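Here are my notes on this one, as numbered points. Have the model open while you read.

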Amino acid sequence: MTKNITCVACPMGCGITVEIADNGEILSVTGNTCKRGDAYARTECTHPERSLATTVRVDNGMTNVVPCKSATALPKEKIFDCMKVINTARASAPVKIGDVLVENILDTGVNIVATNDCPVK
Ligand code: SF4
């Protein structure tokens with residue numbers, strides 16, 4: 001099977017072609033112009049991942065929410081379930097940039113961390 005994908009690891013957006021055997025083995029990766037593209041294509045065709053950026057509600061803060069992101073990429077198939085968890089999470093002010101707001105979300109080993117400060121109201 002041949003899969004054509006667009007690399008999103010940088011703004012160049014190279015078109016990459018991946019040849020995949022019936023057993024799922026990657027036979028070849030072509031079209032990438034750097035090693036990051038090769039790694040992206042292999043991950044995308046075997047266990048796709050996505051980074052997640054959103055907000056978490058804050059109690060007693062200067063703002064009602066604080067921006068956050070996944071510390072590393074999450075399995076793509078768990079993104080919507082992770083959003084459900086994050087949508088029910090609450091932090092208490094003060095929140096500092098880098099604070100863990102949701103630890104080991106859905107047992108992925110990935111933390112959801114604040115990407116900005118939120119001082120007390
Ligand atoms: S293959 Fe390399 S240069 Fe091309 S989009 Fe991916 S990261 Fe960027």
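1. The ligand sits among Cys7, Ala9, Cys10, Met12, Gly13, Cys14, Asn32, Thr33, Cys34, Arg36, Gly37 and Tyr40, counting a residue if its C-beta atom, placed from the backbone, lies within 6 Å of the ligand. By type, that shell splits into 7 nonpolar, 4 polar and 1 charged, where Ala, Val, Leu, Ile, Met, Phe, Trp, Tyr, Cys and Pro are nonpolar, Asp, Glu, Lys and Arg charged, and the others, Gly among them, polar.

2. Keep in mind that this is a predicted model: local features need pLDDT of at least 70, side-chain atom pairs count only at pLDDT 80 or more, and totals for chains, interfaces and linings use all residues. Numbering runs from 1 along each chain as its sequence is written.

3. Strand E5 (residues 53–59) pairs antiparallel with strand E6 (residues 65–70) over 5 bridges; strands are DSSP runs of E, at least two residues, numbered from the N terminus, and pairing takes at least two DSSP bridges. Arg57 has Val65 in E6 as its bridge partner. The two strands make a hairpin with 5 residues between them, and Asn60 in the turn shows a positive phi of about 65°.

4. E5 also pairs with strand E8 (residues 90–92), in the parallel sense, over 3 bridges. Here Val58 is opposite Ala91. Setting aside neighbours within four places in sequence, Ala91 contacts Val56, Val58, Val66 and Leu101 (contact: C-beta atoms, placed from the backbone, within 7 Å).

Notes:
Helix = DSSP H or I, 4+ residues; strand = E, 2+ residues; numbered from the N terminus. Contact = placed C-beta atoms within 7 Å.
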